[in-house]
Amino acid sequence: MADSTASGAETGGKGEAELSKMDAGDVPVAKDYAFGDIVTLNVGGKRFSTSRQTLSWVPDSFFSSLMSGRIPSLRDETGAIFIDRDPEVFVPILHYLRTKTVNCRHIDLKTLRHEAEFYGVLPLAKRLGVCEEAETGNCGNILFYSMLHPPVFEQSTPLSDSLPLPKLGSKVDFSKQVIQLTGHGNYLAVAYNHCICVLGVKESRGWEVVFTSPLLDKPPQRIALRVMGHGVPRGPLLAAALGFEVKVWSCLPQPRALASFDMKIPVDGLFFTGIQLVTISNTGRVAIWQSVQQHWQQQEVAPICSYDTGASFLLLGCSNGCIYYIDMEKFPVRMKDNDLLVTEMFEDPNKDPITALSIFYQPNHFSSSDENWMEVAYGTQSGRVVVVVRHPENIGHAPQVFQSYHVHTCPILRVVLGEKHLISVCAENHVRSWTVTRFRGRISTQPGSVPISSFKVLSLDGPHSLFYPINSIGPFGDLDEEQVFVQRIIPETDTIFVRLSSDGKR
């Protein structure tokens, strides 16, 4: 009520007198607040200058009503609009109106949210409400901390004799912001706008840069890292998708470029499985690079919505409701006829697009006669979660439906079938998890029809791609252990929260 009274006081006095003098043909008073599109505000004695467009883009706010003439206001002796509020708290609100971003550091969230609600800037108030919930919720201690310093070099300085500096047609963005991060073994690949660094960790010295890519004329959309063993190029291999092009480098012992391939269409998935590099476009194209022969192959299938790997298999979930697989071990023997041996494994009974896939395959738990046992969980566009099983005695036949759930109302973005749990995530970031019982590595009883947990992972990053970008909430972790979600409340933050997938606890 105090805010309503204050607002009424601000809209009275001189503004009402001027409105009463208006004739039918007069220009509304709101048009006289500023010269042209420049608006000057006096907030609690401190002056601010901004544009009419900046103040008006949030509909039905205090400012849009002020600019449209729906409410009048006081003006000071210079003609600036006077608002009797705290000028220090107004600074981040004006910054949000200008940039649609907010920095929550060193700000009392409750006070700022109170002011955002007073001004009617509801998108900011909603974001601050999420941040306030995160600050007041229970959270564990910091588990680890390490500083990875970005590379420093001049544009005119080549990186190495084997990797000369490319001729760039445009100015390089030397921003230190990390845009991609991935790891394998004891190595991390960190992508910036202008280059990619590979770091190795040693207990005595910590993280050290072991490879820096040539300067890039465009930011990498995807990166992949793999530590190779005997019989192939030793050390870590780095791959990056730059527009339609995919590049591969050997990082150690001698840095060098290994391959380059033009997909001619956008790259939506880039990852190593075994010693092969797989590139996927959701339009339906799959390309594979074999690291021994260093040979690219590609093939067209139906539009791809999801994928997963297990043992030597690459599974593709497609928009036609089918799950296809490629046996990567057979890839080298079919190089002559350029056939990736894409085979249909299962078709959804409703022909619902397969938007999420998870394969559970543990040959180390089986005897030699059981090596063909396979379990696959998939999610669909309509929100169903299905578990199918392929028995060793049914080789040559489609897997059999083991269990089906329909507890989501949105498309499934992630599904994970592990040793102990079945986890699904829908497009609204709602999570469901079920207990899985196994006997000698095989799923032996159906997961319960009622999920053991149901929670939502709060995030303002927006919907996540089906191809699991770096900002995906997860779940992440070893299938044999507890999976976790990584919750990043707002895009620009120095804090993340880790939540258990089984019960949602942070």
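Helices (H or I, at least four residues) and strands (E, at least two) are DSSP runs that are numbered from the N terminus, and two strands are said to pair if DSSP finds at least two bridges between them. The model is predicted, so that local features need pLDDT of at least 70 and side-chain atom pairs count only at pLDDT 80 or more, whereas totals for chains, interfaces and linings use all residues. Residues are numbered from 1 along each chain as its sequence is written, and side-chain values use heavy atoms, with hydrogens and water left out.

**View A. Strand S25 and its partner S26.** Strand S25 (residues 421-426) and strand S26 (residues 430-435) run antiparallel and are joined by five bridges. Across this pairing, Leu 422 stands opposite Trp 434 of S26. Three residues lie between the strands of this hairpin, where Asn 429 takes a positive phi near 65 degrees.

**View B. Strand S26 and its pairing with S29.** S26 is also joined by four bridges to strand S29 (residues 453-456), the two running antiparallel. Within S29, Ser 453 is the bridge partner of Ser 433.

View C. S1 and strand S2 (residues 46-51) run antiparallel and share six bridges, with Leu 41 standing opposite Phe 48 of S2. The hairpin of S1 and S2 has two residues between the strands, and Gly 44 takes a positive phi near 60 degrees there. With S3, in contrast, S1 runs parallel and is joined by three bridges, and Val 43 has Ile 83 of S3 as its bridge partner.

**View D. The largest nonpolar core.** A nonpolar core is a set of buried Ala, Val, Leu, Ile, Met, Phe, Trp, Tyr and Cys residues joined through side-chain atoms within 4.5 Å. The largest one has 32 residues, of which Leu 41, Leu 55, Phe 63, Phe 90, Tyr 119, Val 121 and Leu 124 touch the most other members. At least two residues of this core come from each of S1 (38-43), H4 (62-68), S3 (81-83), H5 (87-99), H6 (109-119) and H7 (122-136), and H5 gives the most, with six residues.

**View E. Surroundings of Phe 90.** Leaving aside neighbours within four places in sequence, Phe 90 is in contact (heavy atoms within 4.5 Å) with Leu 41, Val 43, Phe 48, Phe 63 and Tyr 119.

Terms used:
Buried means under 20% relative accessible area, exposed over 50%, partly exposed in between (1.4 Å probe, protein chains only).
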